[in-house]
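Q: Hi! I'm new to reading protein structures, could you walk me through this one?
A: Happy to. Let's open it up and take it piece by piece.

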Amino acid sequence: GDLLATLNEADEIRTETLVIFASDNGGSRSARNDPHRGIKGETYEGGIRVPAILHWPGQLPEGQVSTQPSLTFDFSASIAKLAGLDADARSHYEGIDLVSHLRERRPDLQRTLFWRKPRGETVWMGVRDGNWKLVAQRKGDSQSIELFNLEKDPGENNDLASEHPRVLERLWGLYKEWEQR
């Protein structure tokens, strides 16, 4: 609040300053991530889904809500473009330009997102493609893999792995390919 108040008082830089507010992970064990399952350090939605706010008066539409799945490295790609880096220099960034996406009110981009989070002896893995999400957990020689349809089950309560083995196999294959890069 103090930052935004100071920017509002400094009229000459207010419209030249993009403010990004986001968290790096979902809530801790003491947080309420409802309706999402999981906590920080896990790859369930409650461990990775966070709100983000991009505030830029006169540059971004006020009050716009986006459902575009994104990751924090999208901020880097956005800032690189705003800083005037040419397309060749920006090609090193994995993300998408969220500022242009919001400014131009583009439809959501279809993209596949990946996560890998080692936590002590446990490794959490995840891949999201459209509404399908695979969540895997490896601890020592033990491994579990679950499959969810986020559109129908945002709380990730209904494991669909046995009902959709081809989707599970496809997502697990995508994850393994990504991990080898």
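Q: How far apart should the ends of α7 be, at 1.5 Å a residue?
A: The 16 residues of α7 should span 22 Å. In this predicted model, the end C-alpha atoms of α7 are 23 Å apart, which agrees.

Q: OK, and which residues of α7 are buried?
A: V167, L168, L171, W172 and Y175 are the buried ones in α7.

Q: Where do those buried residues sit when you look down the axis of α7?
A: They fall within an arc of 125°, so they line one face of the helix. There is a handy rule behind patterns like this: an α-helix has 3.6 residues a turn, so residues three or four places apart point the same way.

Q: And which residues are exposed on the other side of α7?
A: There you find R166, E169, E177 and Q180, which are exposed.

Q: What do the buried residues of α7 pack against?
A: They pack against four strands: β3, β4, β5 and β6.

Q: Nice, let's switch to those strands. What order do they have in the sheet?
A: The order is β3-β4-β5-β6, in an open sheet of four strands with antiparallel pairing.

Q: Which strands stand at the edges?
A: β3 (112-119) and β6 (142-149) do. Each has a single partner strand, so one side of each is left without a neighbour in the sheet.

Q: How much does the sheet twist from one strand to the next?
A: The twist averages 10°.

Q: What angle does the direction of α7 make with that of β3?
A: About 70°. Helix α7 (residues 165-180) packs on the sheet and touches β3, β4, β5 and β6.

Q: Can we zoom in on the pairing? How many bridges are there between β4 and β5?
A: Strand β4 (residues 122-129) pairs with strand β5 (residues 132-139) over eight bridges, in the antiparallel sense. To see the pairing for yourself, find R128, which stands opposite K133 in β5. V123 stands opposite R138, also in β5.

Q: How many bridges join β5 to β6?
A: Eight bridges join them, and the two strands run antiparallel. On this side, R138 has Q143 in β6 as its bridge partner, and W132 stands opposite N149 in β6.

Q: What about the turns? Which residue takes a positive phi in the hairpin of β4 and β5?
A: That is G130, with phi near 65°, in a hairpin that has two residues between the strands. In the hairpin of β5 and β6, which has two residues between the strands, G140 takes a positive phi near 65°.

Q: Where are R105 and E156, and is each buried or exposed?
A: R105 lies in the loop between α6 (98-103) and β3. At 54% relative accessibility, R105 counts as exposed, because the cut-off for exposed is over 50%. E156 is in the loop between β6 and α7, and E156 is buried, with a relative accessible area of 0%.

Q: New topic: how many residues does the largest nonpolar core have?
A: It has 15 residues, and those with the most contacts inside it are L134, L147 and L171. The elements that give two or more residues to this core are β4, β5 and α7. The largest share, five residues, comes from α7.

Q: What is L171 in contact with, leaving aside neighbours within four places in sequence?
A: L171 is in contact with V127, D129, W132, K133, L134 and L147.

Q: Which residues are in the other core?
A: That core lies apart from the largest one and has eight residues, among them L60, F75, I96 and L98. As background, nonpolar side chains tend to be buried together in soluble globular proteins.

Q: Last one: what kind of peptide bond joins D34 and P35?
A: A cis peptide bond, with omega about 5°. You can find P35 in the loop between β1 (19-22) and α3 (45-48).

Key: Residues are numbered from 1 along each chain as its sequence is written. This is a predicted model: local features need pLDDT of at least 70, side-chain atom pairs count only at pLDDT 80 or more; totals for chains, interfaces and linings use all residues. Side-chain values use heavy atoms; hydrogens and water are left out. Two strands pair if DSSP finds at least two bridges between them. Axes are lines fitted to C-alpha atoms, for helices over the stretch in contact, and angles run from 0 to 180 degrees between N-to-C directions. Contact means heavy atoms within 4.5 Å. A nonpolar core is a set of buried Ala, Val, Leu, Ile, Met, Phe, Trp, Tyr and Cys residues joined through side-chain atoms within 4.5 Å. Buried means under 20% relative accessible area, exposed over 50%, partly exposed in between (1.4 Å probe, protein chains only). The expected span of a helix is 1.5 Å times one less than its number of residues. The arc is that of the directions from the helix axis to the C-beta atoms.
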